[in-house]
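Work through the two exercises below. Each has a task and a stepwise solution.

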Amino acid sequence: MLPPRLHVLLARDARTAVVLRRGPSKTACAIGWDRRRDTFAVGQWLRARVYERRSDLSPDGRYLIYFAMNGRWDSATQGAWTAISRAPNFAAVALFGKGDCWHGGGLFATKREYWLNDGYGHHTLGDTTLVSRANPAPFRATWGGECWGVYFNRLARDGWTMHRDLSIETPGARTIVFERPIGHGWRLRKLAHASSGSKPPGKGVYYDEHELVHDRREVPRPAWEWADIDGKRLIWAEHGALWAGSISARSARGDDPVAGVERLHDFSEMTFTPIAAPYPHVIV
């Protein structure tokens with residue numbers, strides 16, 4: 001049995017995050033992460049496919065914007081929607097029906113302004129005064145109408161640098177390379193893949209792999225499905241769990257530069273549990 005897939009949305013101006021757990025395929029869970037204490041609290045489950053690469057967390061960690069699909073094409077959302085909720089919950093305070101999986105989702109420009117990846121348009125089913133749509137639009141879906149159009153804007157906004165010279169394109173597959181410095185001469189490299197052909201078990205059309213890079217040294221970390229920098233530590237998702245480690249002046253000279261590795265939490269043994277939203281919301 002494959003482990004759940006994990007993706008993390010880090011709050012830029014607060015020591016919080018939301019872990020998006022996927023598994024089985026159309027079941028998602030949003031989990032709050034207190035990064036000061038490394039404690040975790042389940043927000044809500046959702047019977048839908050949540051597109052983590054089209055999702056974002058407000059800088060203060062209070063609001064979540066996400067794109068989801070449940071395939072109920074005769075419902076009010078027409079089977080797919082963008083929602084804004086109070087993190088780490090899915091219950092919408094603003095709900096925009098989409099009806100297809102082209103475009104959708106969005107990003108926060110400020111703690112109370114968001115960009116909606118509108119594309120061919122949403123229809124408003126409920127709105128809020130808690131946050132508002134940024135005008136003019138602060139982002140463009142330069143990389144197409146699906147996940148990369150939102151995801152690459154998020155990576156660039158949060159300090160990742162795209163390296164077009166390292167990117168690879170083959171028939172039916174593309175790999176775009178991003179990097180950010182870790183310290184002591186090491187860099188974290190993210191290989192963002194899009195493949196319409198064969199791919200590793202449990203991977204969708206879009207998936208990431210990672211490497212640690214120092215000059216001409218490359219230390220592959222293909223099992224890291226998500227990774228980023230949290231202050232002075234390196235954090236990553238692997239085999240259904242979140243991990244942390246660091247690179248010190250001493251460990252940087254070793255064959256494996258990551259020292260002090262600890263498992264923060266294992267999300268494998270979780271099952272769907274209906275949880276009521278702790279606030280008024282728009283029904284999906």
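The exercises cover cysteine pairing and the surroundings of one arginine.

This is a predicted model, where local features need pLDDT of at least 70, side-chain atom pairs count only at pLDDT 80 or more, and totals for chains, interfaces and linings use all residues. Residues are numbered from 1 along each chain as its sequence is written, and side-chain values use heavy atoms, with hydrogens and water left out.

**Exercise 1.** Count the disulfides (pairs of cysteine sulfur atoms within 2.5 Å), then check C29 and C147.

*Solution.* 
- Step 1. A disulfide is a covalent bond between the sulfur atoms of two cysteines.
- Step 2. Take C29. Its closest cysteine sulfur is in C147, 20 Å away, so the two are too far apart for a bond.
- Step 3. Take C147. Here the closest cysteine sulfur belongs to C101, at 9.2 Å, again too far for a bond.
- Step 4. The count is zero disulfides.
- Step 5. C29 is buried at 0%. C147 is buried at 5%.

**Exercise 2.** Place R189 in the fold and find its side-chain polar partners.

*Solution.* 
- Step 1. R189 lies in strand 15, residues 186-195. Strands are DSSP runs (E, at least two residues), numbered from the N terminus.
- Step 2. R189 is buried, with 9% relative accessible area.
- Step 3. Look for polar contacts (N or O atoms within 3.5 Å; within protein, one able to donate a hydrogen and the other to accept it; residues adjacent in sequence count only if both atoms are side-chain atoms). The R189 side chain meets that of E179 at 2.6 Å. It meets that of E218 at 3.2 Å.
- Step 4. List contacts (heavy atoms within 4.5 Å). Beyond neighbours within four places in sequence, R189 touches residues including L166, V177, F178 and H210.

How values were computed. A disulfide is a pair of cysteine sulfur atoms within 2.5 Å. Buried means under 20% relative accessible area, exposed over 50%, partly exposed in between (1.4 Å probe, protein chains only). Helices (H or I, at least four residues) and strands (E, at least two) are DSSP runs, numbered from the N terminus.
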